[in-house]
Amino acid sequence: MLDQKLKTLLAVSELKNFTKAAEQLSLTQPAVSHHIAALEDELGVHIFVRGRGELRLTAEGEIVVRCAKRMNAMNEKLRVELRDHERHLTRVRIGITHTAESNLITEVLARYSREAGCTSITIITDTINNLYNMLENYELDLAIVEGKPYSRNLYSLMLDTDYLVCIMSNENKLAKREMVTLGELKKQKMILRLPTSATRELFESHLESIGESLANFDVMLEVDSIAAIKDLVRKDLGISILARSACMDELRKGKMTALPIENLSMIRETNIVYHRDFDHEEILQSLLKIYRDTSKTYR
C-alpha cells in the first residue's frame with residue numbers, strides 16, 4: 001500500500017546516497033532520482049540539499065521524512081493486525097526506558113502476557129525521547145516512562161510514583177546513616193547515568209534548583225547500563241543516584257543501601273503513555289491491576 005516513491009525516500013534518507021539506495025531497492029540510480037524529483041514536484045518543496053558528500057535533508061525534507069516514516073509504520077501495523085486478526089492474536093509493542101527495564105515492569109509485562117492468552121508482547125528499550133518519537137510514528141503501542149509527555153497526541157495513565165535515592169554498598173561508611181547530606185555526597189566517588197537519561201536530568205535539575213551544580217561533585221564514571229552501575233556500587237567502587245524502583249530487588253535482599261539526600265526531594269511519576277487513538281482500554285486496566293498486585297510483593 002505504501003507508495004514506491006515514499007519507500008525510495010525512506011531508503012535515501014537513511015543511506016544518504018542515491019546509488020546505495022538504488023542497490024538496496026534493486027532499482028537503477030536514475031529511477032531513484034526520478035522518484036525523489038517526482039515527490040518534490042508533487043509537494044512543491046526541495047527534500048534534499050544536493051552537493052558534495054552525503055545528502056542532507058532540508059527543513060521541509062525533515063517534515064516529509066518524518067511523515068513518511070509514520071505512514072510506513074501505519075502500513076506495517078495494518079498488515080500485522082490483519083494477520084493477527086486471522087490468528088485471533090493480539091500483538092502489543094511496548095517501549096520502556098532503561099530504568100523501567102531494571103524494575104518490576106518487565107515482570108509485570110511477562111505476567112500480563114501469560115495471563116491474557118493469545119497476546120504477544122514485544123519490549124523495546126530505548127531513551128525516553130526515542131520512545132516518544134516511536135509512539136508518535138506508531139512504531140510503538142505503549143511506552144512506560146518516567147514523567148509525562150508534552151505532545152497533545154499522546155495520553156498518559158499514572159502507573160506509580162517513584163523517587164531518586166543515593167545508593168551505596170553496605171560497606172560504605174554512610175550506609176549506617178538515615179540520610180546523606182550534599183556535603184557528604186561531594187566527598188564520594190560517583191557513578192552516574194549518561195547525561196541524556198531521565199534519571200540524570202532529574203538529579204541535575206534539582207541540584208540547579210537549589211543553586212548547586214554537578215561540577216561540584218566527583219563524577220568518576222558515566223554508565224548507560226543500570227545493571228552495571230548497581231554491580232559497581234555493590235563492589236563499593238562508588239555511589240550512584242538511581243530510581244528506588246530500579247533497586248527494589250537488591251534492597252529487599254539486603255544487597256545494597258539506599259538513602260534519601262538532604263534538601264533534594266526527587267519525586268517523579270511513572271506513566272503508561274499511548275497515542276490518543278489507542279483503543280484497547282482492557283490492556284491498560286489489566287496492566288494497572290497486575291502492576292499493583294505484583295508491587296505488593298516488593299514492599
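Here is a walk through some charged side chains of this structure. The model is predicted, so local features need pLDDT of at least 70 and side-chain atom pairs count only at pLDDT 80 or more, while totals for chains, interfaces and linings use all residues. Residues are numbered from 1 along each chain as its sequence is written, and side-chain values use heavy atoms, with hydrogens and water left out.

Let's start with the pairs. Side chains of opposite charge can pair when their charged atoms come close. Here a salt bridge is a side-chain nitrogen of Lys or Arg within 4 Å of a carboxyl oxygen of Asp or Glu, and that rule gives 15 salt bridges.

One of them joins Arg193 and Asp224, at 3.9 Å from N to O. Arg193 sits in the loop between strand S7 (189-192) and helix H9 (198-209), and Asp224 in the loop between strand S8 (218-222) and helix H10 (226-234), so the pair ties together parts that are 31 residues apart in sequence. Helices (H or I, at least four residues) and strands (E, at least two) are DSSP runs, numbered from the N terminus. Arg193 is buried at 5% relative accessible area, whereas Asp224 is partly exposed at 34%; buried means under 20%, exposed over 50%, and partly exposed in between (1.4 Å probe, protein chains only).

Now for helix H9 itself. Arg200 and Glu204 are 4 residues apart there, about one helical turn, and their closest N and O atoms are 2.8 Å apart in a salt bridge. Arg200 is buried at 8%, but Glu204 is partly exposed at 21%.
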